[in-house]
Amino acid sequence: MQKADIIICSNNVFTGLEDTPMKAAIAIKNNEIIAIGCKEELASLIDNETKQYNMEDELIIPGFHDFHMHIMMGSILQNNSAKLFDARSAEEAAKILTEFAESRPDDEWIFGIGWDHTNWDEKEFPHRSTLDKYISDRPVLLFNAEVHYAWINTKAIETIQLTEQTPDPQYGEIGRDEDGHLTGLLFEHAIGFATEYAYKIPKEKRRKIFQSFLNETKRLGITSVNDLYGAKIAPNLRDDLEIFKEFEEKELLTTRIHFSPELKIDLAEAKELQTNYQSDKLSFSGLKQFIDGVVTSHTAYLLAPYKNRPETKGGTTYSPKHIKQLVKKADKEGFQIRFHAIGNGAVRLALDAFEEAKRENGNRDARHVIEHVEVLHSEDVGRFKELGVIASFQPKHIELMECEAYTARIGEEQQPLYYPIKTILDTGADIAFGTDFPVVPLNPMMGIYQAITRKDLKGNAWGESEGITLAQALRFYTGAPAYGSFREKDLGTLEVGKKADIVILNQNLFDISTEEILETEVKMTIMDGKIVYRNQKVPTISK
Ligand SMILES: [Zn+2]
């Protein structure tokens, strides 16, 4: 009779199969869950070697799975950048940056993230001259809160050799004033001019950056992630994979990585990556591409013109015809496709493309995904379910700005539904949650809290009726991303035969106030049957 390596029990085990937690014990052998039942039933699995952890009311859940993030870009920015979220003016942002730069005399580039002019007292785009007053000897690269545009200083413009003659990239814009002078703003793919230089980081430093990412994910109970590329502004995928693979071989990967490279018309590289990365911990997952930008810079693609800028509806990265071609070709080859689509026009275009592909290539278990879905036209609500398309939300984004930043830009006649989580859920479609790290921090508690409360930056509920239950939020952060990664057979719920990716929280989320969710900490993280994290602050009772 085989004996368990680990047995954990609690009065509150949320398996992901029921809406409420139950009293149970879980037995783990090697990297698998071999039994779940009451403590007495599992007694025969215990021998002298079995480690037992007896919880009282602490909640045990499947490991968190963040369905949308950017590992390396996020980690570079998370630990090596000035946080500008609290600035209320360009001047304030520049001051926060200066303090940060002084603490980092050896950094070649000074990074920052989180500024948002829509939250400033004067809601105008900033100018490079404000930065130059404070930092003129080192290049500065400051991403806005959504990481879709950036603000740089004159030194950066010189370093990357940007001139007034440099043409705009295919999807993007170099900020210029009326006289054609560079303002120091880079929109969408134009950010690539700067990141091409700024992300040149030595391998040893990138290893350290990745290790700090893993330390953070295990501390937060995140045992799986989806790492998305597809942006011209991301670090090089091959460089990242080299490091991920190295960690996997040394058995240092404490979170499973499912990555999606850029969707291109040429699928040769995708096929090669798909063949070469298929392990339990590091696997090719699908292909990602952008359709549009973001609402705050009027680059999200709308069905009708912006209310406060009637000359534009935003635009698409590629022509609708090309986007449909991309989809039909990759779909035919069996790839999962994930589209960044924020405006109602972009979401409709993604749905149209998936529909055409289905018609042409036949019905299959494709599990295509639309990312963000921030503005949906009411007529498109039912199409996710009809087409089997997963809606991928990052609930903490609701708090990035005030809802007025959207309602001032988008007219009511567009029948906009904002972050319509519950509306889509009610149609029976699949929904999955993530962070889009580094846009928001990795902590899943923040996303869960936001999905329930729907609070915007000012703390006002934004579309309260779109709020969901705790059990739903937990599932969208565990089982649903596993399904979205074609891993539902071995990940996502606590069931016999599944991989032992398990998290113990220090309190029962089902038994506390909504506000207390944010204070919840992880007590222990088990990934692939191994205890990869134990919180020293909260002792774990063990026998
Ligand atoms: Zn993203």
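Where does R367 lie? In this predicted model, R367 is found in the loop between helix 10 and strand 18. Its phi is positive, about 50 degrees, although R367 is not a glycine. Most residues other than glycine have a negative phi, and most peptide bonds are trans. R367 has a relative accessibility of 7%, and because buried means under 20%, R367 counts as buried.

Strands of a sheet pair through backbone hydrogen bonds, either parallel or antiparallel. Here, four bridges link strand 16 to strand 17 (residues 337-341) in the parallel sense.

Helix 10 (residues 344-361) contains 18 residues. From its first C-alpha to its last, helix 10 reaches 25 Å, close to the 26 Å expected at 1.5 Å a residue. An α-helix has 3.6 residues a turn, so residues three or four places apart point the same way. The buried residues of helix 10 are N344, G345, A346, V347, L349, A350, L351, A353, F354 and A357. Their cover includes helix 9, strand 17, strand 18 (369-372), strand 19 (375-377) and helix 11 (383-387). After helix 10 comes G362, with a positive phi near 90 degrees.

Two packed helices are described by the angle between their axes and the distance between the axes. For helix 9 and helix 10, the axes come within 9 Å and cross at roughly 45 degrees. Helix 9 and helix 10 are therefore oblique to each other. The crossing of helix 9 past helix 10 is right-handed. On the helix 9 side, the contact is made by P320, I323, K324, V327, K328, D331 and K332. Helix 10 contributes L349, D352, A353, F354, E356, A357, E360 and N361. L349, A353, F354 and A357 are among the buried residues of helix 10.

A second open sheet has four strands in the order 6-13-14-15, again with parallel pairing. Strand 6 and strand 15 (282-284) stand at its edges. Each has a single partner strand, so one side of each is left without a neighbour in the sheet. Neighbouring strands are turned by 15 degrees against each other on average, direction ignored. Strand 13 (residues 222-228) and strand 14 (residues 256-260) run parallel and are joined by five bridges. In one of these pairings, S224 has R256 of strand 14 as its bridge partner.

Helix 6 (residues 203-219) has 17 residues. At 1.5 Å a residue it should span 24 Å, and its end C-alpha atoms are 24 Å apart, which agrees. R206, I209, F210, F213, L214, T217 and K218 are buried in helix 6. G221 follows helix 6 and has a positive phi near 75 degrees.

H68 lies in strand 6 (residues 64-69). With a relative accessibility of 1%, H68 counts as buried. Setting aside residues up to four places away in sequence, H68 touches a set of residues that includes N226, L228, K288, R338, E371 and H372. D436 and F437 are also among its contacts.

D436 sits in the loop between strand 22 and helix 14. Its phi is near 65 degrees, a positive value in a residue other than glycine. D436 is buried, with a relative accessible area of 7%. In the F437 to P438 step, the peptide bond is cis, with omega about 15 degrees. P438 also has its place in the loop between strand 22 and helix 14 (444-453).

E188, in strand 12 (residues 182-188), is buried as well, with a relative accessible area of 7%. Beyond its neighbours within four places in sequence, E188 is in contact with H148, Y149, Y171, G172, I233, G293, V294 and T299. E188 and E164 are 24 residues apart along the chain, and their C-alpha atoms are separated by 18 Å.

Terms used
Residues are numbered from 1 along each chain as its sequence is written. This is a predicted model: local features need pLDDT of at least 70, side-chain atom pairs count only at pLDDT 80 or more; totals for chains, interfaces and linings use all residues. Side-chain values use heavy atoms; hydrogens and water are left out. Two strands pair if DSSP finds at least two bridges between them. Helices (H or I, at least four residues) and strands (E, at least two) are DSSP runs, numbered from the N terminus. The expected span of a helix is 1.5 Å times one less than its number of residues. Buried means under 20% relative accessible area, exposed over 50%, partly exposed in between (1.4 Å probe, protein chains only). Contact means heavy atoms within 4.5 Å. Axes are lines fitted to C-alpha atoms, for helices over the stretch in contact, and angles run from 0 to 180 degrees between N-to-C directions. Angles under 35 degrees count as roughly parallel, over 145 as roughly antiparallel, 65 to 115 as roughly perpendicular and the rest as oblique. A crossing is left-handed if the near helix is turned anticlockwise from the far one by less than a right angle, and right-handed if clockwise.
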